Amino acid sequence: MLTFTIRRLILAIPTLLFISLIIFLLLELAPGDPMAQVPLTVPPEVKEKMRQALGLGEPMHVRYWKWLVQFFWIEPQVLFDHYFGTAFSEGKLRVISWQHRSPVMDVVVERLPQTLWVVGLSYIVGILIALPIGIYSAYKQYSIFDQAGTFITMIGYSIPPFFTGPLIIVLFSVQLGWFPFIYDTTHEVTDWDSFVYQLRQMIMPVMVLAMQTTAQISRYMRASMLDNLNQDYVRTARAKGLSEKVVVLVHVLRNSMIPVVTVIALGLPAIFGGAIITEQVFSVNGIGGQLIGAIQANDLPTVQTLTFMFAILIVFFNLIADVLYGILDPRIRYD
Amino acid sequence: MTDMSNTEPTTPPHSQWYDVWHQFKAHKGAMLGGIVFIVIILGVFIGPWLWPFDASYIDIRSRNQGPSWAHPFGTDQLGRDTMARMMAGGQTSIAVGLTAMMLALGLGSLVGITAGYFKRLDGILMRLTDLFLALPVLPLLLVMMMLFREPLSAAVGPERGIFILIVVAIGITSWMPTARIVRGDVLALKEREFVLAARSIGTSNKNMIARHILPNVLSPIMVSATLGIANAIITESALSFLGLGFPPDFPTWGRLLNDATQYLQDYPERVFWPGLAISLTVLSVNYLGDGLRDALDPRIRGR
């Protein structure tokens, strides 16, 4: 198992390098000049100095290497210093945002908790709703519950979050006035009332994101349960007199969870993509909102870093899915 | 004895595609989905010929109207007829969906068939597919839009430039599932007897792929085509919704939805129509794909 995990970990490195190269080249080969905004009255030699100061004068591979060093060596050092009070990163150049004139990672660290809270909570809520629906509709295949479930999940699949978002804002904020429709990021939980407020403002974004998750995972859960319910071991379990509850919830469920767990881990990156849109709809101040803001402000270092952060999240969860699959299904390990 | 002598088949022989159609008809959701999709396409492309208002005609005196007989969907903040804008937007959204789907399908089939048929290229092409699957698609699309929209708009005109950009961007980030499915099918097909027979009479690789492999992998390609349309329409709308799609005065469904959310507090009903159009199109295409998958699967067909 350990060698399997290590092999997967090593495979993740070229993937990350490839993605970083694609992102770098994309920004590099794009026509467009970061100095285009500089007024024409600035003399050319000053412009050239500014270009040097931004690090644009050097050849491409040197800049790629410098960026890699900044991202993979200096930024972790900063993190290390922050926790242990050491001074490894002192005087080293960090990735600086052109928009805020401060290190990109500082802003990311400020904003990441917002995204993780909303995304994480919505994913957990989605899974908790999806699993029982999937199990029950497989157990009662072609019943009214199953048919209705299929229809609702199909709808959940088809309605994009940028439509459900405004729709539930109209319904619950404008018409009914139950929930605030702008997410207040500066809000701090200090007592019971503020906790309730935090809960109320999180309900709608979480609901929108959870809907997509629920639709997808309950589909997989149902299909996987159906595959297992007709297996011989189920008949054996029934024949030896186990109760129906034990047969379904212990024997069948455990075997059916193998593909579903992978789908759960692999679905998380897509949810981060959905979070970009949801954050825009509900004005949540997370990294998705930061990415949109940076794109609008033409802030290339921030865009580069954030896109790469999303890539790291994807690769990381792919890795978790692989390892989980290996743990749950011994056949995979010896492949 | 009389019925023994009658060996003629009672029904005329019919082709494979007749069977497929027969099975497809039995799937009610797919039929309904197909009809809805055709109605949407016809409405969007023929509708503007019949509808008296132009999508860009500004009538400031009749702005912000609710639904009426003259304007069934109301008018927007500049007095433009929402119905006409919905039809114009639908043209763009569906055209983007179809073109991007075809590009993704072409790329995916090419990579899938090459990887499955030529063993030497299999490893490298599948690694490439895996790498592409690990890309953060939405952030990358946003970055591409940001970097290339202005140069391309300047080169070939604002609307056509962005159309090409969106189609290419969606196409090259969504071919991977098709490639995987096609490769799997080609690998299985290569072991079949008819391929061996064709090879034994000296069929060249080119003919082998064009005449024997390609027709047999058509059904998974068609199923991923339907999913590809849905995916492309949603992606385009998402980009337009985030303000990084088509220019503001150029309507698409995502753009209309984005415009409507700005007036959410005063005119909440405006959000409804573009959202409904996107959802209905995607839902109908998904059902269409569901029925197509059942109809093209010979194990299910005939039951």
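Biologist: In what order do the elements of chain A run, from the N terminus on?
Modeller: The elements of chain A run α-α-α-α-α-α-α-α-α-α-α-α. This is a predicted model, in which local features need pLDDT of at least 70, side-chain atom pairs count only at pLDDT 80 or more, and totals for chains, interfaces and linings use all residues. Residues are numbered from 1 along each chain as its sequence is written, while chains are lettered from A and ligands numbered from 1 in the order in which they are written.

Biologist: How many helices and strands are there in chain A?
Modeller: Chain A has 12 helices and zero strands. Helices (H or I, at least four residues) and strands (E, at least two) are DSSP runs, numbered from the N terminus.

Biologist: And what does the secondary structure of chain B come to?
Modeller: Chain B has 13 helices and zero strands. Along its sequence the pattern is α-α-α-α-α-α-α-α-α-α-α-α-α.

Biologist: What box do the C-alpha atoms of chain A fill?
Modeller: Roughly 85 × 55 × 40 Å, taken along the principal axes.

Biologist: Now the two chains together. How many residues of chain A are in contact with chain B?
Modeller: 37 residues of chain A are in contact with 35 residues of chain B. Contact means that the C-beta atoms of two residues, placed from the backbone, lie within 7 Å.

Biologist: Which helix of chain A gives the most to that side?
Modeller: H11(A), with eight residues. Helices H1 (2–29), H5 (144–158), H6 (161–175), H9 (244–282), H10 (287–296) and H11 (300–328) of chain A each supply at least two residues of the side that touches chain B.

Biologist: How do the residues on that side of chain A divide by class?
Modeller: Into 30 nonpolar, seven polar and no charged. Ala, Val, Leu, Ile, Met, Phe, Trp, Tyr, Cys and Pro count as nonpolar, Asp, Glu, Lys and Arg as charged, and the others, Gly among them, as polar.

Biologist: Pick a residue in H11(A). Is Ile320(A) buried or partly exposed?
Modeller: Ile320(A), in helix H11 of chain A, counts as partly exposed because it has 17 C-beta neighbours inside 10 Å. Its C-alpha atom is separated by 8.6 Å from that of Leu266(A), which is 54 residues apart along the chain.

Biologist: Over to chain B. Where is Leu105(B)?
Modeller: In helix H4 (residues 82–117) of chain B. Leu105(B) is buried because 22 other C-beta atoms lie within 10 Å.

Biologist: What does Leu105(B) touch?
Modeller: Not counting residues up to four places away in sequence, Leu105(B) touches Thr178(B), Ile221(B), Ser224(B), Ala225(B) and Gly228(B). Leu105(B) and Ile41(B) are 64 residues apart in sequence and 21 Å apart in space, C-alpha to C-alpha.

Biologist: At roughly what angle do H4(B) and H11(B) cross?
Modeller: The axes of H4(B) and helix H11 (residues 218–241) of chain B cross at roughly 130 degrees and come within 8 Å. Axes are lines fitted to C-alpha atoms, for helices over the stretch in contact, and angles run from 0 to 180 degrees between N-to-C directions. The two helices are therefore oblique to each other; angles under 35 degrees count as roughly parallel, over 145 as roughly antiparallel, 65 to 115 as roughly perpendicular and the rest as oblique.

Biologist: Which residues meet there?
Modeller: Among them are Val96(B), Met101(B) and Leu105(B) in H4(B), and Ile221(B), Ala225(B) and Glu236(B) in H11(B). By class, the contact of H4(B) with H11(B) has 11 nonpolar, six polar and one charged.

Biologist: Last topic. Which residues touch the most other members in the largest nonpolar core?
Modeller: Of its 122 residues, Leu291(A), Ile295(A), Leu141(B), Leu142(B), Met145(B) and Ile166(B) do. H4(B) gives the most to this core, with 15 residues. A nonpolar core is a set of buried Ala, Val, Leu, Ile, Met, Phe, Trp, Tyr and Cys residues joined through C-beta atoms within 7 Å.

Biologist: What lies apart from it?
Modeller: Another core, of 11 residues, lies apart from the largest one, and includes Ile135(A), Ala138(A), Ile217(A) and Met221(A).

Definitions and conventions. A residue is buried if 20 or more other C-beta atoms lie within 10 Å of its own, exposed if 12 or fewer, and partly exposed in between; C-beta atoms are placed from the backbone.
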